[in-house]
Structures are given as C-alpha cells and as structure tokens.
Protein chains: 2
Amino acid sequence: MTIGKGRSIFVPMTGAPFVRDLEEKREWGSLRHLNNFHKLAHMLPALHSSAHVICEPMDIPVNHRHLWITYSSIVHSDKTFMGMSTSEDRAEDVMAMVKIVFGEEFVETHPVVTANINGNSPLVWDETMLGAMRVFTRHNQPVLCSPFVLGGANTPASTAPAIAQLNAEALSALAYTQIVRLGAPAIYGHFLSTVSMKSGAPMAGTPEISLMNFAIGQLARYYRVPWRTSSLLGGSKVFDAQSGYESATTLAATIMAGANYIWHSAGWDEAAMVCSTAKFVVDAEQCAMAYRMAEGIRWDDFDEAVAAVRDVGPGGHYLGHPHTQRNFQRAFFMPDLFDNSSIEQWQAEGARGTTERALDYAKKLLASYEAPSLDPAIDETLRAFVERRERELPGDVS
Amino acid sequence: MTIGKGRSIFVPMTGAPFVRDLEEKREWGSLRHLNNFHKLAHMLPALHSSAHVICEPMDIPVNHRHLWITYSSIVHSDKTFMGMSTSEDRAEDVMAMVKIVFGEEFVETHPVVTANINGNSPLVWDETMLGAMRVFTRHNQPVLCSPFVLGGANTPASTAPAIAQLNAEALSALAYTQIVRLGAPAIYGHFLSTVSMKSGAPMAGTPEISLMNFAIGQLARYYRVPWRTSSLLGGSKVFDAQSGYESATTLAATIMAGANYIWHSAGWDEAAMVCSTAKFVVDAEQCAMAYRMAEGIRWDDFDEAVAAVRDVGPGGHYLGHPHTQRNFQRAFFMPDLFDNSSIEQWQAEGARGTTERALDYAKKLLASYEAPSLDPAIDETLRAFVERRERELPGDVS
C-alpha cells in the first residue's frame with residue numbers, strides 16, 4: 001500500500017471512550033467492542049486500515065491496553081494498522097509484536113505500522129510523544145506528525161494564521177524525525193477543528209475546516225510530504241442528520257483536497273466521545289463513494305454509449321439497451337445503506353431509518369466474518385509476549 | 001442580483017406534493033404551507049430567492065394554482081422568485097402579475113423572474129414547455145434550459161456519455177431562446193440524478209452526480225453561459241443521517257464546481273415528494289456555510305494574528321488574547337442548528353435531535369415574521385387580477 005503519491009487511504013476513527021453498540025446502546029468501550037470494530041474494518045472494502053484503539057477497551061487495565069489493542073488489530077484483520085504511541089515503552093512493545101509477525105529484518109526495511117504523534121499546540125511537542133516517535137522512527141516506521149488544532153483556542157481565531165502556526169509545528173516535527181533517522185518515512189499531519197466561541201466546544205464540518213484542508217494539502221504537496229488529515233467527523237449526540245451533514249462536508253473537502261491518509265473516517269460522532277457502529281458502516285460506504293468519485297470519469301465506453309444515444313433517439317429510454325445491459329452494474333454507485341424506495345414500499349418494509357438499516361448491515365457482516373489466516377506459531381508467540389508483558393507491567397495503574 | 005460571473009445563488013426546492021410540517025407530520029401540501037415556506041425563504045439570509053411552488057397547494061384547483069403561487073411569492077418576500085412555466089397561458093399570467101408589481105417598461109428592460117423549462121430527455125423539448133419559454137424569453141426574462149436527467153434511464157448508463165447528451169440538449173434550448181429573442185438572458189441548466197439499477201429509483205449524492213457537476217460547470221464556463229444545477233437533494237423518508245450525507249455531498253460538489261444558480265437548495269427530501277420544514281431551515285444554514293467557504297480565506301488580520309502567536313508562545317492559549325477578542329465573532333462559523341455541547345448538557349436540555357431543534361427554529365422565525373412592504377394599491381390590483389382570472393379559468397380541471 002502506498003501512502004502519498006496522489007493516493008488516498010481511509011482509516012477508521014480511534015480513541016472513543018464510549019460506543020454506540022449493535023443495538024444503538026451507549027456503553028463504555030470494551031475489548032469485545034474493539035474486536036468487533038476491527039472485524040468490521042477488515043470486512044469493509046473502502047477502509048484501508050484497521051487502525052488501533054477504535055474504542056478504548058475500558059475493561060483492560062490502562063497499562064495493558066496497548067498490548068490487547070495491538071493483538072486485536074493483528075489477529076482480526078490483515079489490513080495495515082496503527083502503532084500505539086502513548087509512551088516510549090508501549091511503542092517498544094508494539095515494535096516487538098510486529099517483529100513477531102513480520103520478522104525483525106523485514107520490519108527494518110518495510111513500514112508495517114503507522115504511528116501518530118500529536119502536538120500540544122501552540123508550538124509544543126511533549127517528551128512522552130517524542131519518546132514514542134523516536135521508537136517508530138528508529139525502526140523506519142512512518143510517523144504522522146500531527147499538531148492537534150482546536151482553532152481559536154490553541155491557535156489564533158483566524159483561518160490563515162491558524163494554518164501558519166500548525167505548518168510551523170508540523171515542519172518542526174518532520175525535521176526532528178530526520179534528525180532521529182535520516183530518510184525515515186514521515187507524514188505531514190494535523191487534527192483540525194474550530195471551536196465554538198459560544199461554548200468552547202470543538203465543531204465539525206465548518207467552512208473554515210474545509211479551507212484549512214485546502215490550504216494544508218497544497219502546503220504538504222509543496223513540501224513533497226504525504227499528508228494526513230481527518231474526515232467524517234460528527235458532533236451529534238445521536239446518529240442523525242447533523243452527523244450526516246458534518247461528516248459528508250468534511251469528506252468532500254478532504255478528498256477534493258487530495259489528502260493521502262484520511263483518518264477517523266468511520267464511526268466518529270459526539271466529537272470523538274463515541275464510536276457509533278451504525279455510523280461506522282455508513283461512513284465506510286461514504287468512503288467508497290468518495291473513492292469512486294476521486295477516480296474520475298471513465299471514457300472507455302464513450303463511443304459505444306454515444307452510438308446508443310443515436311440508437312435510442314428522441315423520447316426513447318435506455319433501460320433495455322445493450323449498452324445499458326453491459327454497463328449497469330458499474331455505471332452508477334448504488335449505496336447499500338441508503339434507501340431510495342417510495343414511502344409506500346419503505347413503510348411496507350418496516351419504516352426503518354438509516355440507523356436501523358446500518359445496524360442490520362453490521363450484524364450481517366459480523367455474522368459472516370472469517371478471521372484472516374495467521375500462522376498458529378506466530379499467534380502463540382504473540383500471546384506469550386502479551387501475557388509476559390502483562391505480568392511485568394503493573395496492571396492497576398490507571 | 002447577478003446570476004453568473006463567478007457568483008452563486010441558492011434557491012429553495014420546488015414541486016413537492018407533500019410536506020413535513022412544523023410538527024413533522026407528513027401532509028399534502030396546501031396554500032398555508034406554501035405561504036410559510038415563502039416566509040421562511042424570505043427570512044433565511046442564505047436563500048437568494050423565494051422560488052415559486054415550493055410545495056404544491058393541493059387545496060387550490062390545478063388551473064388556479066399558478067395565480068396563488070405567484071401571489072404568495074410576491075407578497076411574502078421581496079427576494080426574487082420564479083415564474084410558473086407549466087403552460088404558455090400560465091406564463092402570460094405570471095408576466096401580467098410581475099408587470100403589476102414592477103411596471104411594464106421596467107420588466108422589459110430588467111429581468112425580474114427566472115423561469116425553468118425542463119427537457120424530456122433524451123433529446124426532446126415539448127411544446128408545452130417551449131410555449132412557456134417563448135413567453136418569458138419574449139419578455140426578456142431569464143430562462144433555465146434544463147434537461148431532466150435520470151442517469152441510466154433517459155441517458156446512457158455512463159457518466160461521460162450522459163453529460164454529452166444533456167449538453168446537446170441544453171445547447172439546443174439555449175440556441176432556441178436566441179431565435180425567439182436575440183440577446184435574451186438564458187441559463188444553462190439541468191436536473192441531475194442517477195437511477196438505481198436495482199429499483200429504478202432516482203438517487204442523490206452519488207459520485208457520478210458530483211462528477212457530472214464538475215464537468216458541466218466547465219462546459220457552461222466554456223460556453224460563457226451562467227449555469228444552473230441542483231443541490232442538497234435527499235432521498236430519505238425521514239430527515240435522518242441519509243438526508244444529511246446526501247445533501248451535503250451534493251452541496252460540496254456544486255459549490256466547488258462553481259455553480260451559479262443552485263436550485264432545490266432547501267427542503268428536498270424523499271426524492272422531491274416532500275418539502276421538509278426541518279430540512280428547509282437546516283439546508284439554508286448549510287448554504288450559508290458553503291457560501292462562507294466559497295468566499296475563501298481572509299488575509300486582512302494575518303500580521304496581527306501571527307504577532308499573537310509570538311505573544312501567546314509555546315503552550316499558551318488564545319481565548320483571552322486581544323486578537324481573539326476582536327475576531328471571535330467572525331472567525332469561525334457557528335451553526336445555530338447543530339449541537340456541539342456535551343452529552344450531559346444535551347440531555348439536561350431535553351436530548352433534542354436535529355429535527356426538533358430545526359422545527360423550534362422554524363417556529364421562532366415564523367413567529368417573528370414581518371411581511372415586506374408592498375404598495376396597497378399594487379396588492380389590490382394583484383388580487384383583482386387573481387380573482388378575475390379565477391373566474392375566467394375553469395376551476396375544476398385537474
């Protein structure tokens with residue numbers, strides 16, 4: 001998988017303390033929920049990564065979480081995933097685990113995980129994050145250098161100056177990676193939001209977030225560095241119209257801005273307090289649609305189709321035409337999760353809203369889930385590593 | 001108001017047989033509902049027009065509707081509006097009414113209404129529509145020449161060939177306007193949807209609709225003709241996440257494609273079967289946000305704000321800084337209808353979803369509505385005209 005060079009990948013959200021589960025109940029995140037999200041990420045074709053801590057496994061002691069999160073990412077999906085970067089030691093554990101999976105030599109020459117390092121805007125990179133960064137960078141693993149922007153609170157209350165500040169922050173971290181290991185892969189990152197000047201709350205889908213994305217995409221291309229942004233962010237407390245407008249607005253801006261690593265692209269609602277199962281699958285379909293859009297217009301059947309226009313003639317229709325018969329399946333994206341039937345048909349089918357349809361879809365996916373193959377010896381070694389580290393690390397620290 | 005020349009205007013939806021009313025009840029459209037929508041269009045600053053038949057007044061005989069629709073557009077708002085174009089005679093009635101308001105001479109030299117003419121794709125303009133077109137064009141009123149595209153049903157099942165067909169259709173109608181009156185204003189139009197090849201239903205917010213908008217925007221600019229498209233279209237039976245994703249996806253595509261006349265921009269759900277009151281006000285706020293985005297990045301405070309970055313320094317915050325104090329109100333868009341509070345606060349305030357908040361907002365707007373001033377003599381003449389035509393036209397034709 002290539003990150004950068006005109007390509008875009010979608011990565012699910014991470015970090016939610018709560019989930020909306022398969023019954024739409026709002027609960028603390030748990031390892032069981034996390035396993036399910038890793039399975040869904042594995043099965044949804046538009047997601048290119050299973051990320052890491054999609055929701056926090058609150059039922060695991062804090063000091064052991066990175067082990068179980070990494071183990072869950074590895075065994076439930078063979079897509080790429082993310083390395084936990086909450087401290088230097090935990091980063092070392094992640095590296096030990098990926099070496100078990102891929103072999104020590106392979107890891108040194110091939111990026112196998114991405115790790116995110118948040119900046120404490122304004123103008124601070126703290127030592128905890130930098131410690132983790134040095135581990136991944138020393139091992140030649142790509143690091144996302146991400147100023148964490150709450151526009152108006154930790155940046156000036158103005159779009160262009162906020163961009164200037166976070167650009168300085170991102171560049172300083174990118175430069176630091178090259179001091180640690182010259183030539184190590186690194187990604188120009190950021191998390192973008194603007195803050196409501198009424199309440200101090202972060203907002204999603206605002207015009208200024210789109211404008212920041214447009215400008216930062218150009219800067220990253222100017223510096224010739226792959227670019228990470230966030231997308232499909234919602235602030236609603238329930239998965240409703242607000243979530244949809246906010247998520248789609250950000251998705252359109254990030255895909256049209258040419259973002260390479262589009263994080264938080266599935267599940268994010270309630271300003272990251274919740275990973276919503278319903279939203280997770282709907283967002284993933286939206287990513288598939290954005291991906292299709294970004295592929296642009298096909299021209300390979302143009303002459304044949306224009307001949308069909310002559311064939312059908314004024315006032316005719318195309319439904320039975322041979323060109324249509326050959327092309328209808330790939331011609332126009334048909335979302336599985338959006339209902340376009342008449343109200344009568346919709347009522348006859350139970351008058352189900354988007355959330356219900358999405359949860360049914362998620363349940364069906366999980367029922368048909370098959371784990372990707374993993375050498376049982378590797379799995380055993382991984383488990384032995386996790387169990388040893390559990391014994392070594394105090395489990396009651398939170 | 002300029003249409004074209006790099007400007008965008010937003011016009012509400014039209015043509016809904018049903019409404020979702022102020023209590024979210026689904027009802028047949030009526031004149032009372034239509035009056036309310038005209039009032040809302042008047043009050044919502046991002047809407048540049050009050051359109052015409054936002055919902056069908058089903059309580060008025062078909063042959064009298066154009067009279068009451070036009071009267072309602074005129075008296076409830078001083079924004080521009082649309083001329084009913086369902087037949088030549090009705091177009092003449094509209095022209096008679098606008099002459100009462102603006103004076104005969106003024107109308108001949110100033111466009112005062114826009115009129116839409118739908119094509120019957122593929123490749124047909126029917127005489128009913130062309131009859132209405134000739135009335136508006138002869139009176140120098142701008143006509144939207146709009147092939148009505150159900151991609152895959154009345155066009156080839158392929159994006160580029162569909163564009164080629166509708167381009168030929170739009171150009172033929174534009175050329176015809178110039179035969180009727182050389183130099184008369186005209187607008188390159190279309191209605192775009194793609195059809196689900198499973199059900200035959202029109203879809204909204206699909207990737208191919210965005211691609212068609214991007215290409216057609218370029219064609220219209222190539223021909224140097226103002227360009228009309230549609231936006232904020234939803235297919236959901238209730239105002240939920242689906243409506244939001246679909247609407248915002250189309251809005252982003254049309255505003256970034258540089259559309260000039262962005263129709264159906266408020267209220268459209270259930271594939272145009274319904275004008276939703278809640279969606280109407282939310283869509284209008286989305287238009288305001290898109291408008292702000294399209295204005296681009298401000299640079300007038302850049303030096304001052306970068307000085308603030310030096311001032312605040314590493315690890316500080318900007319909330320109390322003089323630059324923030326001066327800029328916070330205009331810095332970042334703060335939507336009225338989207339909730340960004342914590343779940344605890346949201347629950348304490350009644351756990352209201354987007355629909356409820358939007359309906360409260362619409363009720364508040366309507367409660368504070370003030371009709372724009374209209375010379376009582378003009379109003380009287382208008383009413384006399386409507387009553388005379390009611391007597392002349394058989395009222396029981398439907």
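By what turn and what shift along the axis can chain B be laid on chain A? A turn of 180° and a shift of 0.0 Å along the axis do it, with an RMSD of 0.0 Å. That is the relation of a two-fold axis. The superposition is by least squares on the C-alpha atoms of residues with pLDDT of at least 70 in both copies. The two copies meet through the same surface, since 100% of the interface residues of chain B are also interface residues in chain A.

Before we go further, a word on conventions. This is a predicted model, in which local features need pLDDT of at least 70 and side-chain atom pairs count only at pLDDT 80 or more, while totals for chains, interfaces and linings use all residues. Residues are numbered from 1 along each chain as its sequence is written, chains are lettered from A and ligands numbered from 1 in the order in which they are written, and side-chain values use heavy atoms, with hydrogens and water left out.

Of its 229 residues, A:Leu40, A:Phe280, B:Leu40, B:Tyr188 and B:Phe280 touch the most other members. Buried here means under 20% relative accessible area, exposed means over 50%, and partly exposed lies in between (1.4 Å probe, protein chains only). B:Leu40 sits in helix 1 (residues 31-43) of chain B, and B:Leu40 counts as buried because its relative accessible area is 1%. Helices (H or I, at least four residues) and strands (E, at least two) are DSSP runs, numbered from the N terminus. Setting aside residues up to four places away in sequence, B:Leu40 touches B:Thr277, B:Phe280, B:Val281, B:Ala362, B:Leu365 and B:Leu366, where a contact is heavy atoms within 4.5 Å. B:Phe280, counted in the same way, has partners that include B:Phe37, B:Leu40, B:Leu44, B:Ile54 and B:Cys275.

Now follow chain A to helix 9 (residues 277-295), which has 19 residues and reaches 28 Å from its first C-alpha to its last, close to the 27 Å expected. The expected span is 1.5 Å times one less than the number of residues. Helix 9 is largely enclosed by the rest of the structure, because 14 of its 19 residues are buried. At its start, a side-chain oxygen of A:Ser276 comes to within 3.5 Å of the backbone nitrogen of A:Ala278, and the side chain of A:Ser276 also reaches the backbone nitrogen of A:Lys279 at 2.9 Å. These are polar contacts (a pair of N or O atoms within 3.5 Å; within protein, one must be able to donate a hydrogen and the other to accept it, and residues adjacent in sequence count only if both atoms are side-chain atoms). A:Ser276 itself belongs to strand 13 (residues 274-276) and is buried, with a relative accessible area of 2%. After helix 9 comes A:Gly296, whose phi is positive, near 85°.

Nine of the twelve residues are buried, and what covers them includes strand 4 (81-83), helix 3 (88-102) and helix 6 (159-180) of chain A. At the start of helix 5, a side-chain oxygen of A:Asp126 reaches to within 3.2 Å of the backbone nitrogen of A:Thr128. In the loop between strand 5 and helix 5 you will find A:Pro122, and the peptide bond from A:Ser121 to A:Pro122 is cis, with omega near 0°.

Helix 7 is followed by A:Arg224, which has a positive phi of about 55° although it is not a glycine. A:Arg224 is exposed, with a relative accessible area of 79%.

Definitions and conventions: A nonpolar core is a set of buried Ala, Val, Leu, Ile, Met, Phe, Trp, Tyr and Cys residues joined through side-chain atoms within 4.5 Å.
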